[in-house]
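This briefing is meant to be read with the structure open beside it. Please find each residue in the structure as it comes up.

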Amino acid sequence: MNTLKTKHKNPDKNKIISKSPSETFRIAEKFALRLPDGPITVALYGNLGTGKTCFTQGVALALGVNQPVSSPTFTIINEYRGNRIIFHADLYRIKETNDLVSLGLDDCLSSNAVTLIEWAERIEPYLPNNTIYVYFTIPPDTKSMNTREIKIDDPNRLFSGSDWTHPKNGDTK
């Protein structure tokens, strides 16, 4: 298994433990509701099956998408419309970064949309400076196959601390 290096100076500061796919989904919904207006890029890192697509589904639902969201492994980029435009890219099959222009990912990154990119390490040098990095791992000492560790590296400081993940004022999500 690959070890992912985060850009955090203190990677445990924004560490969240999810114990199920539904919990990962709820964390993503809360994450989405804190995103500011304007262009946002979210780089998703993690091995196969660690929760990147589940997280994207939660973000999309929170932003008003009312259609199924699936990983665009073969189409590479899917576009969804809700309260905001969302681009969901899966770069697993991309080998050359010069393919990005022909696929239109450069247009997505420069648009006024939320762009979520699975396997973002393949284009890391091209990501915007304000990209939010989200890392998914399965903790080595976990007893449950559903437990995930989610780390958020956020240069915008929207997700400082973990208090944003806890329900407030009757919030049940």
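Predicted model: local features only at pLDDT ≥ 70, side-chain atom pairs only at ≥ 80, totals over all residues.

Thr147 has a relative accessible area of 10%, which is under the 20% cut-off, so Thr147 counts as buried. Thr147 sits in the loop that joins β6 to β7 (148–153).

**Thr147 and its surroundings**

- In sequence, Thr147 and Ser20 are 127 residues apart, yet their C-alpha atoms are 6.0 Å apart in space.
- Beyond its neighbours within four places in sequence, Thr147 is in contact with Ile17, Ser18 and Lys19, and also with Thr137, Ile138, Pro139 and Thr142.

- Thr41 has a relative accessibility of 4%, so Thr41 counts as buried.
- Val42 is buried too, with a relative accessible area of 0%.
- Which residues does Thr41 touch, not counting those up to four places away in sequence? They are Leu109, Thr115, Ile117, Leu127, Pro128, Thr131 and Ile132.
- With residues up to four places away in sequence left out, Val42 touches Phe31, Thr115, Leu116, Ile117, Ile132 and Val134.
- Val42 and Thr56 are 14 residues apart along the chain, and 9.6 Å separates their C-alpha atoms.

**Helix α2 and what covers it**

- Helix α2 spans residues 52–62, and nine of its eleven residues are buried, so the helix is largely enclosed by the rest of the structure.
- Which residues of α2 are the buried ones? They are Lys52, Thr53, Cys54, Phe55, Thr56, Gly58, Val59, Ala60 and Ala62.
- The cover over these buried residues includes the helix α1 (21–33).
- The cover also includes β2 (40–45), β4 (85–90), β5 (114–118) and β6 (132–137).

**How α1 meets α2**

- The two helices α1 and α2 pack at an angle of about 45°, and their axes are 7 Å apart.
- Is the crossing of α1 and α2 left-handed or right-handed? The crossing is right-handed.
- On the α1 side, the contact is made by Pro21, Thr24, Phe25, Ile27, Ala28, Glu29, Phe31, Ala32 and Leu33.
- On the α2 side, the contact is made by Cys54, Phe55, Gln57, Gly58, Val59, Leu61 and Ala62.
- Sorted by class, this contact has twelve nonpolar, three polar and one charged residues.

- Ile76 is not a glycine, but it has a positive phi of about 75°.
- Ile76 lies in the loop between α2 and β3 (77–81).
- The relative accessibility of Ile76 is 8%, so Ile76 counts as buried.
- Trp119 is not a glycine either, and its phi is positive at about 60°.
- Trp119 lies in the loop between β5 and β6.
- The relative accessibility of Trp119 is 10%, so Trp119 counts as buried.

**Ile77 in strand β3**

- Ile77 is found in strand β3.
- Ile77 and Gly104 are 27 residues apart in sequence, and their C-alpha atoms are 8.4 Å apart in space.
- Apart from its neighbours within four places in sequence, Ile77 is in contact with Pro72, Phe87, His88, Ala89, Leu103, Gly104, Leu105 and Cys108.

**The chain as a whole**

- How many helices and strands does the protein chain have? It has four helices and seven strands.
- Read from the N terminus on, the elements run β-α-β-α-β-β-α-α-β-β-β.
- The protein chain has 173 residues, and 48% of them count as buried.
- Among contacts in the protein chain with a separation of 6 or more, 66% come from residues 24 or more positions apart.
- The protein chain exposes about 9,200 Å², and carbon and sulfur atoms supply 49% of that area.

Technical notes:
Residues numbered from 1 in each chain as written. Heavy atoms only, no water. Buried < 20%, exposed > 50% of the residue type's maximum accessible area, 1.4 Å probe, protein only. Contact = heavy atoms within 4.5 Å. Axes fitted to C-alpha atoms, helices over the stretch in contact; angles between N-to-C directions. Left-handed = near helix turned anticlockwise from the far one by under 90°. Nonpolar A, V, L, I, M, F, W, Y, C, P; charged D, E, K, R; others polar. Areas by Shrake-Rupley, 256 points an atom, 1.4 Å probe, with all protein chains shown as cover.
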